[in-house]
Amino acid sequence: MMNSLWSRNIIRTLFVLFIQLVLLKRINLTFGDFNYVHLTIYPVIIALLPYKMNRPLVIVAAFFLGLFVDFFYDSLGVHAGACTFVAFLRYYFLAFISPRDGYKKDALTSFEYGVPWFLTYMSMLLFAHLLVLYSYEAFSFVYIKEIVLRTIFSFIASLFLVMVGVLIFNPKY
Amino acid sequence: MRNLLYLLFRYSALIVFLLFQFISLYLIVSFNKSQNEIWVNSSNIFSGKIQERAQKVEDFFTQQQLNDSLLRENAKLLETIINFRVFSEKNSFQTFESLDADSLRNYSLIPARVCSKTINLRNNFLTLCIGSEDGVDIGMGVISKDGVIGIVKRVSKKYSTVLMMTNGQSRISAMILGKGNHGNLIWTSNDTRSMTLVDVPKHAIIEVGDTIVTSGYSISFPPQIPIGKVSDFTIKGGSNNYDIAVDLDFDLSTIKTAYVIKFDKSEEKEILLNSDDE
């Protein structure tokens, strides 16, 4: 049981990273001046880490995940920072949308807690991730307009993609 | 100890978060050009502000030094003006080129800060923050950039007391500029901006607005240091002399700096004056 939970997570991580870094990174959704959509689905890895996982450990894992992504995006530290951020916030998001009888299952999937719950959870996580990500990327609030636009449009597109994936695979763990 | 461990455990997530967030930011700034530039610029703005503040503080503390140096500069300039005026009066036939510096230097000025002063009393004194160590001696005249202040009365090593013009005991030799009549300037009123010029014979022609300057007959002051302007004049019944009311050019209560006049040939002149008395 425990082994399968971990192995599932590792396999999912590799799979999502592959899609993110090999496919989505190459997709360039630019329409003239409109360059605000960047597909970012890998935060789902952080979202789906087991509930009982040690909080500091989640943060450390997220950091290295982000660092790994950074190597591909040539933006050392930007993704790592954003990942660390959402990994830290994950606990509070979960507490905020806790089901009536708490978290009985360790796997935080739509299979266990329902699609509406997962949609809320994923939205919060993804939005926070993208906001921090683009803030770090711009690194100055002079570009606040750009940051907000990127966050909003990327959020819509990425969330759509994540939900499609989750509904297709409907992971149990 | 147990509490500390508990605290560490309790906030381990936060600590780890902050640690890795810091590492991320460090990486961002060190390895990304645009972010690095923003960081460097922002920090420049930041450090620029701090440095500006520090400079202001430093300026505040070095202001005294700056003032002193300006004071010295002023003293030099005034000195030159006074000496040149004295010389050109005596040697109007000589051209400036033929002068050597030593023959010009009759008076030298010692700059000073005012330590304290009294203004409203009947006998007003002023204390300068320089004394005999700086070359001040009893009887020397004290002026400001605008005009006469008084005469040095007492000297200690580091301080000197000046008998101000507006002191009942003060008596300064003055003349009317351009007319040559001279008299003694005394303080009879209680108004710190007004004095009386006495001993001017009544045959002199005086107008309101005439400029009163030092006469240069005493060893204390060089000639033509401005004092004030004639505001009124009367002749008391039975007297041969005018009582001339003089408005001072500047407010004595506002002075912060002063120059002590040192007459380099004062000993010579004093001996001469004394021998005249005898």
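In this predicted model, ring pairs join six residues of chain A into a cluster: A:Tyr51, A:Tyr103, A:Tyr113, A:Trp117, A:Phe118 and A:Tyr121. Over all chains, the aromatic pairs number 20.

**Pair between chains**

- The ring centres of A:Phe63 and B:Phe20 lie 4.5 Å apart, and their planes meet at 55°, so this pair is classed as tilted.
- The contact runs from helix H3 (residues 55–73) of chain A, which holds A:Phe63, to helix H2 (residues 12–31) of chain B, which holds B:Phe20.
- A:Phe63 has a relative accessibility of 4% and therefore counts as buried.
- B:Phe20 also counts as buried, because its relative accessibility is 10%.

**Pair within the chain A cluster**

- A:Tyr103 and A:Trp117 have ring centres 5.9 Å apart and planes at 65°, so the pair is edge-to-face.
- A:Tyr103 is in the loop between helix H4 (78–96) and helix H5 (110–113) of chain A, while A:Trp117 is in helix H6 (residues 115–138) of chain A, so the pair ties together parts 14 residues apart in sequence.
- Both A:Tyr103 and A:Trp117 are buried.

**Arginines over rings**

- In chain A, the charged end of A:Arg55 is placed over the ring of A:Tyr91, at 4.0 Å from the ring centre.
- In chain B, B:Arg154 lies over the face of B:Phe125, and the distance to the ring centre is 5.8 Å.

Technical notes:
Residues are numbered from 1 along each chain as its sequence is written. Chains are lettered from A and ligands numbered from 1 in the order in which they are written. This is a predicted model: local features need pLDDT of at least 70, side-chain atom pairs count only at pLDDT 80 or more; totals for chains, interfaces and linings use all residues. Side-chain values use heavy atoms; hydrogens and water are left out. Rings of Phe, Tyr and Trp (its six-membered ring) pair if their centres lie within 6.5 Å; planes under 30 degrees apart count as stacked, over 60 as edge-to-face and the rest as tilted. Helices (H or I, at least four residues) and strands (E, at least two) are DSSP runs, numbered from the N terminus. Buried means under 20% relative accessible area, exposed over 50%, partly exposed in between (1.4 Å probe, protein chains only). A charge sits over a ring if NZ of Lys or CZ of Arg is within 6 Å of the ring centre and within 35 degrees of the ring normal.
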